[in-house]
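Hi,

Here is the structure I promised to send over. Have a look first, and my notes on it follow below.

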Amino acid sequence: MQKQLGAWCLAAFMGCGVTVANASVYALPVRGNIVGALEAVTTHRDDTLLDIGRFYDLGYNQVTAANPGVNPWLPGQASKVVIPAEYILPPKPWTGIIVDIPARRIYYFPVNDRIVYTYPVGVFLPGWKEALTDTRIIAKFKMPAWNVPKNIHAWFEKKFHMDIPWYWPPGPENPMGELAMETGLSGIFIHGTYHPWGVGMRSSQGCFQMFPENVAQLFPMVPVGTPVRIIDQPNLVGVRDGQVYLQSYKPMHAYHKKGIPDLQRAVVTIKSFMERNRIDERIDWGMVRRIVTEHNTVALPIGVGAPSYATLSAALPATPYAYAPYGPSANGAAVPPPLPLASAADQEHLHVQVTFPDRKP
């Protein structure tokens with residue numbers, strides 16, 4: 001068991017790309033469709049999961065679901081936090097921008113480069129619904145103004161009894177942030193936000209909201225005319241080194257009100273993927289059931305004999321998270337300054353004993 005677990009952990013820990021703050025960019029795999037790797041950090045006393053998630057380009061949904069039982073606002077001194085920076089890429093073609101709504105992530109595949117950028121996004125609130133379709137970037141705006149659509153103005157008045165302005169001038173209080181890319185869908189933009197902590201949540205009336213530092217990186221790379229594909233893919237199936245993986249996000253039932261059950265949909269997706277790619281592997285369907293039920297957003301192996309998420313996460317080596325919280329300056333539409341290191345006093349007692357679960361400590 002120890003030797004087998006070591007092989008699984010090696011696959012989980014070793015990625016094909018690099019994850020750094022404000023830039024999740026990965027080389028496209030030569031074989032398979034999985035990029036990145038799981039990581040783990042230990043917290044200091046002032047951290048929140050939102051701070052750590054933002055640093056690693058994770059939305060609220062990812063960093064909280066991957067760390068059940070950890071308080072998002074007060075994880076505590078020396079708590080172990082898993083960084084689920086491993087991604088099963090969306091279905092091909094890998095061109096332009098792909099937005100996976102249940103994953104709450106955007107992928108950008110530059111022309112003529114075998115790389116992918118991926119960032120978290122905020123998606124539509126309950127009661128709203130985005131079209132699943134193909135479109136394009138038709139315009140780009142620096143310091144955009146916002147003319148509020150009638151339906152959004154009426155929604156604020158009905159839900160919050162707020163008479164919001166019909167026109168928001170450019171500036172730090174503009175809900176669209178400082179950079180916006182207009183799609184061919186009426187009123188739908190990919191843009192920054194003056195409420196960055198809503199990224200990874202259901203926080204918009206249809207637009208896709210990005211961390212200010214992420215849209216600042218993406219904006220200059222994306223030319224007008226770039227194709228945009230909006231998809232609903234709560235269960236992503238992948239293969240790495242001959243092993244089948246499943247990454248499950250909470251479904252957006254706005255798309256499945258009369259559809260098949262979540263588990264059945266996942267099983268169909270897995271079997272179709274294996275048939276298309278001529279993969280013959282025995283699947284642990286009990287593990288598939290747990291993954292689909294938990295929606296922990298982590299890409300996990302699902303073959304018979306594969307370790308559970310609890311086993312994999314316990315075996316991850318953890319390093320101290322070295323940075324201070326973002327602070328008030330990061331609460332608006334502007335790109336925040338580089339994070340300072342946490343004080344030595346915050347880090348001096350950080351230590352996590354890492355053991356393989358089948359060994360006695």
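Phe189 comes out as buried, at 14% relative accessibility (buried is under 20% relative accessible area, exposed over 50%, partly exposed in between, with a 1.4 Å probe and protein chains only). Before going on: this is a predicted model, where local features need pLDDT of at least 70 and side-chain atom pairs pLDDT 80 or more, while totals for chains, interfaces and linings use all residues. Residues are numbered from 1 along each chain as its sequence is written, and side-chain values use heavy atoms, leaving out hydrogens and water.

Phe141 is partly exposed, at 34%. There are eleven aromatic pairs (Phe, Tyr or Trp rings, the six-membered one for Trp, with centres within 6.5 Å; planes under 30 degrees apart are stacked, over 60 edge-to-face, the rest tilted). Among them is Phe141 with Phe189, tilted, at 6.4 Å between centres and 55° between planes. Phe141 is in strand 11 (residues 134-142) and Phe189 in strand 15 (residues 189-191), so this pair links parts 48 residues apart in sequence. Helices (H or I, at least four residues) and strands (E, at least two) are DSSP runs, numbered from the N terminus.

Now to helix 7 (residues 285-294): Met287, Val288, Ile291 and Val292 are buried there. These buried residues fall within an arc of 130° seen down the axis, so they line one face of the helix (the arc takes directions from the helix axis to the C-beta atoms). Arg289 and Thr293, on the other side, are exposed.

Cheers
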